[in-house]
Amino acid sequence: MTEFRVWAPIPALVRLDVDGQVHAMTRTDDGWWHAEVEAPPHARYGYLLDDNATVLPDPRSPRQPGGVHARSQLWDPADATWTDSSWPGRSVEGAVIYELHLGTFTGAGTFDAAIEKLDYLVDLGIDVVELMPVNSFAGNQGWGYDGVLWYSVHEPYGGPDGLVRFVDACHARGLGVLIDAVFNHLGPSGNYLPRFGPYLSSASNPWGEGINIADADSDEVRRYIIGCALRWMRDFHADGLRLDAVHALVDTTAIHILEELATETDWLSKQLRRPLSLVAESDRNDPRLITSRERGGYGITAQWSDDIHHAIHTAVSGERQGYYADFGSLATLAQTLRHGYFHAATYSSFRHHRHGRPLDVSSIPATKLLAYTCTHDQVGNRALGDRPSQNLTTGQLAIKAALALGSPYTAMLFMGEEWAASTPFQFFSSHPEPELAKATAQGRKAEFAEHGWAADEIPDPQDPQTFQHSKLKWDEIHSGEHADVQRFYRDLIALRHHDPDMADPWLEHLTVDYDEEERWITVCRGRLRIACNLGAEPVQVPVTGEVVLAWGEPTISANDTALEGHSVAILRCG
């Protein structure tokens, strides 16, 4: 017998459909409906609500072979084949993380195809692979942030069995795995949850209606979220989660859902006897996220720091539009590198109000923040999805890499960054509903028209070619400047891993000097000096030592180092 359970306090009647056979269900006082029936191991099933004849998928569906509008399918994690029993786990703190979108990482866009590239990531020096969302969403291709069945794995990627093979293969090679989880909103296509229960709140965010985590009857919704999070780590052996846009989780309760999730994750970590990490994306610059619960924080493992990205990118590229307005100077870059945030209870001209809170660098190590030169957002949310490699010189790319990977922060790369990939990463979707598809395309064009872009220049997210253009071209990796950039990244990551001065996580020990007019900056990590010339003209930088790694041809004298335009040298002093 198989037990079927579903939380559905809204309908007056819920029936179970298993392979076309309808079965009665019994309701308990807490809104849960139950039924035990004979069902084959891979039965297709769903629920009939009240007198509606449409069979709806299970909100906790383990598998959706027919897509998010179709019946669910039974899938038992106990039947999965694993070989990672000796895997000790890997915390994200201090790691080098590689963010990738499964559909565009390879030509085939599947878990099995991605497995074939894992040895490359190991050779590059990657510690942890971060998968953009792999939960079920409408259509075949998309970024994954419009998921509607959070418990199931997107079938075009390979479904749950494909994810098992991928994680197992990563662990066999010493790679940890993070899964990007979106709990702040639901996608517009295939979202049947409101017909079952009060999953949505009166609050909203830029992506749609908010999730009910603090209003009436929210306790079960919170368990739905936390249960999903723990499932990725327990049933699929993930080493942690990247939590999307946690600032959009509106929680007015005394125990914030992030604190509750962190507590339960720590409990699961003890049960599994391996570290589990939660990495939050937040635009609030609030160190309470990564402060321990003993000191009044939420106890999240680490947090993305967009300020570090903005400070590095604007200083190198010169871009100052939109939220880059407060960044761009070397003084801003130095301030951000030393303190993790630039906006720390300071005025943000983009937001028109005071923003952020200072990070206590004496008690919170730099490894609690992630540094990166680009992410799926910082590339894909540009009008054309253009990468820095499509606009900057290779020397400028090397400077950005040295500042991010040479910093004491946990580091992250976005797929293809390390070889200056020529392909864009554009916003793409495949909504099956014509009206929704049209609205998505029109909305994208209207958004960027406000910033001066012609509508016909903006890629149509529904055009299959937009997706195809975003796939990496692996055949370019060993040619010309692509190979040179890749070699620099590999050597830089190796230095980060093996030089003891690179292991110091305390910002109090970090020294940054710069000359705004001459456009050079130096970062001191123990005996290592990272010297960068952000300008196009040669400069003399007041550091000296043995060259460990360089982009360009530095000239060392007794008192200083001559750097070519757009170049970097890492030197060991003493």
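Student: What makes E281 count as buried or exposed?
Tutor: The term buried means under 20% relative accessible area, exposed means over 50%, and partly exposed lies in between, with a 1.4 Å probe and protein chains only. E281 has 10% relative accessibility, so E281 counts as buried. Keep in mind that this is a predicted model, where local features need pLDDT of at least 70, side-chain atom pairs count only at pLDDT 80 or more, and totals for chains, interfaces and linings use all residues. Residues are numbered from 1 along each chain as its sequence is written, and side-chain values use heavy atoms, with hydrogens and water left out.

Student: Which residues does the "active site" annotation cover?
Tutor: The unreviewed UniProt entry gives D244 and E281; its positions are in the numbering used here, feature names are shortened, and annotations may be inferred rather than shown by experiment.

Student: Why do you say that they gather at one spot?
Tutor: They span 38 residues in sequence, yet no two of their C-alpha atoms are more than 5.4 Å apart, so they gather at one spot.

Student: Why does D244 count as buried?
Tutor: D244 has 8% relative accessibility, and therefore counts as buried.

Student: Which residues is D244 in contact with, leaving aside its neighbours within four places in sequence?
Tutor: Contact means heavy atoms within 4.5 Å, and with those neighbours left aside D244 is in contact with Y145, D180, A181, V182, N184 and E281.
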